[in-house]
Structures are given as structure tokens and as C-alpha cells.
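This briefing concerns the ligand site and selected backbone features of one protein model. The sequence and structure are shown below.

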Amino acid sequence: MSTHAPSGLTSRRRFLQSLVGIGALVGPSLSSVSSLLAEEPKSPSNDKRKLGIALLGLGGYSTGQLAPALHETRHCRLAGVVTGTPAKAERWKRQYNLPASCVYNYENFDRIADNPEIDIVYVVTPNALHRDFVIRAAKAGKHVICEKPMATSVEDCDRMIDACRNANRKLSIGYRLHFEPHNLEAVRIGTERIFGPLTIVKAGHGFHGSGGTWRFDKKLAGGGPLMDVGIYCVQAACYVTGEEPVAVTAVEKPKTDPERFREVEETLTWTMEFPSGTRAECITSYNENYNHLRGEAANGWFELSPAYSYRGIRGKTSSGRMDFPQVNQQAIQMDAFAKCIQDGTSSSVPGEMGRRDVRYLMAIYEAARTGKRVTL
Ligand code: NAD
């Protein structure tokens, strides 16, 4: 039995209807996806101008995910790039037909203020660099999307939020799973207590990472797998419960490769306690594979596995299979932000949410360091 739409959703209309169903049932912070997708195609002449996005930092995520996703967006387009590598500038200019006037480096980036083609700067650099680039983008008068984790300290998040507020620009975090149907269904089941109040949430995200990149450098990454992928578990525990944790405990597992993990944790387990009594048990690792989210209640359970991937997310519940379409999460996420700007509404994944999560990540590190239960 399926918990939602039947398989074989071939027509666009049925595909969209399935998402409208989800949107009607989830909380306000996650419902924007269905209305966005449910729009009927408009003739180009009816379209408001597509907003121009400049990708800043042309590494794996920009190249492999964001630029291709921008081919599928309806409210925004790739309008420019910011890179420290001249060869990349040339390659992107050719590949995406970008005018030289829309290609910047980290030194002349502030001149983007004079470029009306660019409405949004999307910051996709190592974590510790997010702060300065977000602040510079806001000062240049651009709206900003910042990748997760928002920053490597709560103080940095505050400065980023202040800079955007002072410039009257919107700030959003790259939380793509807020736009993914299986995760939205998990939110619906959890927050509407479909099987009763959740008693336990189990979440894990980890992979075998190769060393030698900035992700193993504490100054640039802020920490190890918790900052990088464990943050998805923190997010999921909050969105499926619809609550904010009141306390955390954490234990770092002994390192199997102390040389490679000289600066950051290798594997970390932690718990989050929620006001209603729900408890989340989580794990993250750069040396063990995890990709799951499970919620248990008195009358049933749900499970996503994989839960956090770009594609191929699958889900089931105690009453049947989840059967939702795969979507381009990044395209929907960027379109949702563009719509917020066009319509003058608030992002459902704002800087304040990014700051909240960095606060939880720091509390988890403190709990691991001290061995104490840290209250929030
Ligand atoms: P990456 O290493 O592939 O790319 C990083 C880019 O930043 C490179 O182009 C590099 O040249 C540039 N850079 C600028 N200054 C640098 C410096 N001082 N040191 C190292 N690189 C520097 O990393 P990535 O996987 O693209 O990750 C970038 C950001 O995107 C991170 O914050 C990461 O957490 C986030 N991310 C998010 C998702 C998601 O699903 N939302 C997925 C991957 C990465």
C-alpha cells in the first residue's frame, strides 16, 4: 500500500497534484514547495523577469549540482560567477555563455554592486569563508543564499544576519531538503502526529571521506562531519518533531585514523531532547556510511533511506510505501527564494534558521568535549 500518490506519475498535472496534497498538510515553513510547483507553465511574455544568480565558489557543489539545477529553474537563472581561479572563469564563461562583465574574482567582487543583471549571490565556499562573502554581497546590495552550515560560529551568523538586515536584503540558507517530497511527508507524519507523538527519532548521515581537503581543516570547516553532514540530522530532528531541542549530549568515538582526523572528529554520536519528550539519537561520520531518518510513535513509524541524497530518496511507513516523485531539490530551493524576492515574502529557510542550527552544532561539540548534558 502506498501512503500517497500512486506510482507511474507520468503527467505533469498528476505530478503537481501529488505535491499540492503534501503542501496542504505540512507546516507553514515547508509548504511553499507545493504551491511553487503547482504553478501552471506561463508563456514567457507573462513571466516576471527571471532573477539573476551569481554562484560564488565554483567547486564540486556549484559545478555538479547548482549550475545544472539553474537550467531547470523558472524564476531565476545563472547570470554570473565569482571565482578565485582564472581558468575556471574562462571555462564557465564559455560553457554558460556568460558575458565578461558578469565574471568576478574575489578581489573585484564588490563591483557586483553596479551590475543590475545580478540579483542574488549564492555563497558556496568552505564554511569559514561564508561570513565575509555574505557580508560583502549584502553590502553590494544583493540578496544572498548561503550554503550550510551557515558559518563556523554563532557570532558570525549574527554578523551575517545583521549585514543583510541593514542592507534590506534577504538571506536564505541552502537547506534543499525543505523542498523534497519524502522529507515533507516525514514532516507531515511527525508534526501531525499521524501515528501519535514521536517517541524516538533516529538520524544518521556519514560517508567515507578522502582526506586532504578543507573539510579536514578545522579553521576552514569549523569541525568535521557534524558541520558537513551531521547538520542534516539536526535539521531533520527539528523538522519532523516541529520542536526545538532543550538539551543535547554527545560522545566522540575513538579515532581509527588519528593522523587523518588530527583536527576534526571522525565519528560522533549525539542525542537531542525535545520539550514533548521526543528524543533524537543521531550519528555522523567521515569514516562510516549512514543516510537514514526514522521516526517511531506508539501507533506506527516512518523511515527514509536514503534520506538526504540529491536524488533517489526512498521512504516507507508502518502502513505502506511512500511513493513520491524525485524532484530537483536545488532548482525548487532556488526558485522558492526567487519567488520570495519577487513577492516580498519571507524565506522558509532564513538566516535565523541557519544561526539556530549553528548554535545546536556548537552545543553538541561542547557536550562531546565536556561529557556533560548541555541545555539550550
Ligand atoms: P569544494 O571544495 O568542492 O569547493 C569549494 C570551492 O571554494 C572551490 O571552488 C574552491 O576553489 C573555493 N575556495 C575559495 N577559497 C578557498 C579556500 N581558502 N580554500 C579552499 N577552497 C576555497 O566544496 P563544496 O563541496 O562545493 O562545498 C562548498 C560549500 O557548499 C560548503 O559550505 C558545503 O558545506 C556546501 N555544500 C552543500 C551541499 C548541499 O547539499 N547543500 C552539498 C555540498 C556542499
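**Ligand site and backbone geometry**

An oxygen atom of the ligand lies 2.9 Å from an N or O atom in the side chain of Tyr232, a polar contact in the sense of a pair of N or O atoms within 3.5 Å. Taken alone, the ligand exposes 830 Å², of which the protein buries 78%; accessible areas come from the Shrake-Rupley method with a 1.4 Å probe. The model is predicted: local features need pLDDT of at least 70, side-chain atom pairs count only at pLDDT 80 or more, and totals for chains, interfaces and linings use all residues. Residues are numbered from 1 along each chain as its sequence is written, and side-chain values use heavy atoms, with hydrogens and water left out.

- The side chain of Arg176 places an N or O atom 2.6 Å from an oxygen atom of the ligand.
- For Glu147, a side-chain N or O atom is 2.9 Å from a nitrogen atom of the ligand.

**Shell around the ligand**
- The ligand is surrounded by 22 residues, each with a heavy atom within 4 Å of it; the closest are Gly60, Asn127, Lys148, Arg176 and Trp214.
- Ten residues of this shell are nonpolar, six polar and six charged, where Ala, Val, Leu, Ile, Met, Phe, Trp, Tyr, Cys and Pro count as nonpolar, Asp, Glu, Lys and Arg as charged, and the others, Gly among them, as polar.
- At least two shell residues come from each of α3 (60–69) and α9 (225–241); helices (H or I, at least four residues) and strands (E, at least two) are DSSP runs, numbered from the N terminus.
- Domain 1 (41–176) and domain 2 (178–326 + 350–375) each contribute at least three residues to the shell, with bounds from an automatic or database domain assignment.

**Backbone features**
- The Lys148 to Pro149 peptide bond is cis, with omega near -15°, and Pro149 belongs to the loop between β5 (143–146) and α6 (154–166).
- Ser305 and Pro306 are joined by a cis peptide bond with omega about -5°; Pro306 lies in the loop between β12 (300–304) and β13 (315–317).
- Asn97, a residue other than glycine, has a positive phi near 55° and is placed in the loop between α4 (86–95) and β3 (103–104).

Definitions and conventions
Polar contact = N/O pair within 3.5 Å; in protein donor to acceptor, adjacent residues only side chain to side chain.
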